[in-house]
Amino acid sequence: MKTLTALLLLFVLPGLLFAQTKPQPRPKSFEVTAPARLLLQPRQPERIIDVHLHAALSKVRDARSQGEEIAPASVDAELRELLRLLNEHHVTVGVLSSQSLTVAERWRAAVPRLFLVGPHVRAGESGPQVETLRALYRDGRLGVIGEIATPPSDPAFGRYAALAEELDVPLGVHSTGFGGSTRENHPRLYEPVLARHPKLRLYLMHAGYPWLEETVSLLQRHKTTFADLSMINYNIPREDFHAYLRSLVKAGFANRLMYGSDTGGGPQTADHMERGIDAIQSADFLTPDQKRAIFYDNAVRFFRLSKSARALSEAKGNKAEQEISRVNRDFDEGERQRDFAAIDRTLADDFIWTTFGGTVFDRAETSEHLKSGDSRYELYESDDVRIRIYGDTAVVTARLLRRGRNSKRDLSGEFRYTRVYLKQKGRWRMVAYQMTRIGQQ
Ligand SMILES: [Zn+2]
């Protein structure tokens, strides 16, 4: 504990004093990076998955401790700040938990496919019911169970572990002795949990620091267990973090460690994220491949993200993909609501439509055909939408579900289509559309 006191005196107290006047300076002793290496290697990883985020952690916690539910919109500023930083650091996926599932859901819905969300349960708190989580899972809205700080000895913990195994959803557990935590989250205590739930995909948040030996032994015995490097990558001296990380890598776990920040849009997010990333980038005992694994590849495997993570990174920060997805939906909605002006806006001047019957319409003919018809749809919806972008051209393939009729016949059916979009004067517009009926007799 002597070191902890020394640490407090050295870093925290001066930090608090400085905080009154200017942003907290980075303590000198954190700088172990040789300047020459900085020139050889870019400081910012190409892409990152942050496996440890909390939605507006302190505000949600403060409301909860007053016995109140926070109004989700009241922490939108934190969401904006977090998005700015995730974008700046090339974070393509974030694992986000919150004590308020309503806040987590609002953040998840705000940015398609950026966040995997789940409950954050602090020690001594009763978290959400298993049935609530099960319902979220059924809706496709539960990406993780955790951060769970409830000690493994607590029956509530047992229920979360059983659910995580049953649904095959990762379970993230708070495991560190740093910051005066009790030994109730000691890595050793997760051994019996893993013995009871052999298929559980567990990850130790904060990598069990400082309990190196037990963390190594747990990871050795359970090949599906991973660990995140959150909080210790900026909250302990850089030398201590590097020594711990080096030992884990030496023990053979470079392919099971993941970057995490343990932030969520509060005032210190920028500082913690930057220092946490730099702590890994500056570890000269790691090869470039090992760094890439820690920042990205390991999390892709652990969270089984390959498809969505790839789509996100190809979409260059989501923006183009989101725009195309919106125009594509506008077209469907235009059809469903007979809103011909809306359809018109989505089509390029030299648009060509090949129908499933083999008829070819240009833009004017399409317009005429739609207006003269009397089709009515109750359902006109694309799913399994895949968007690929090649510069100013995008190819969208999807399945179309259609239910409706006109005065002559039933128009219901299932189709596959390819739509090609081109970016013209800053707007994505459809230049080609070909559809095929599925299972045509
Ligand atoms: Zn934690």
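The following legends describe close-up views of a predicted model of a protein chain.

**Figure 1. Overview of the protein chain.** The protein chain contains 17 helices and 14 strands. Of its 441 residues, 36% are buried. Among contacts between residues at least 6 apart in sequence, 65% link residues that are at least 24 apart.

Figure 2. Strands of a sheet pair through backbone hydrogen bonds, either parallel or antiparallel. In this sheet the pairing is parallel, and the strands follow the order E1-E2-E3. Strand E1 (48–54) and strand E3 (115–119) stand at the edges; each has a single partner strand, so one side of each is left without a neighbour in the sheet. On average, neighbouring strands of this sheet are turned by 15° against each other, direction ignored.

**Figure 3. The pairing of strands E2 and E3.** Strand E2 (residues 91–98) pairs with E3 in the parallel sense, and five bridges connect the two. In one of the bridges shown, Leu96 has Val117 of E3 as its partner.

**Figure 4. The packing of helices H6 and H7.** Two packed helices are described by the angle between their axes and the distance between the axes. Helix H6 (residues 130–138) packs against helix H7 (residues 155–167) at an angle of about 20°, and their axes are 11 Å apart. Because angles under 35 degrees count as roughly parallel, H6 is described as roughly parallel to H7. The crossing of H6 and H7 is right-handed. On the side of H6, the contact is made by Val130, Leu133, Arg134 and Tyr137, while H7 contributes Arg159, Leu163 and Leu167. Of these contact residues, five are nonpolar and two are charged, with no polar residue.

**Figure 5. The open sheet of six strands.** The order of the strands is E10-E9-E14-E13-E12-E11, and their pairing is mixed. Strand E10 (360–362) and strand E11 (376–390) stand at the edges, each with a single partner strand, so one side of each is left without a neighbour in the sheet. From one strand to the next, the twist averages 20°. Helix H15 (residues 319–337) packs on the sheet and touches E11, strand E12 (393–405), strand E13 (413–424) and strand E14 (427–437). The direction of H15 makes about 160° with that of E11.

**Figure 6. Strands E9 and E10 with helix H17.** Strand E9 (residues 347–354) and E10 run antiparallel and are joined by three bridges. Here Trp353 stands opposite Phe361 in E10. Helix H17 (residues 363–372) lies across E9 and E10, and runs at about 105° to E10.

Key
Residues numbered from 1 in each chain as written. Predicted model: local features only at pLDDT ≥ 70, side-chain atom pairs only at ≥ 80, totals over all residues. Pairing = 2+ DSSP bridges. Helix = DSSP H or I, 4+ residues; strand = E, 2+ residues; numbered from the N terminus. Axes fitted to C-alpha atoms, helices over the stretch in contact; angles between N-to-C directions. Contact = placed C-beta atoms within 7 Å. Buried ≥ 20, exposed ≤ 12 C-beta atoms within 10 Å, placed from the backbone. Parallel < 35°, antiparallel > 145°, perpendicular 65-115°, else oblique. Left-handed = near helix turned anticlockwise from the far one by under 90°. Nonpolar A, V, L, I, M, F, W, Y, C, P; charged D, E, K, R; others polar.
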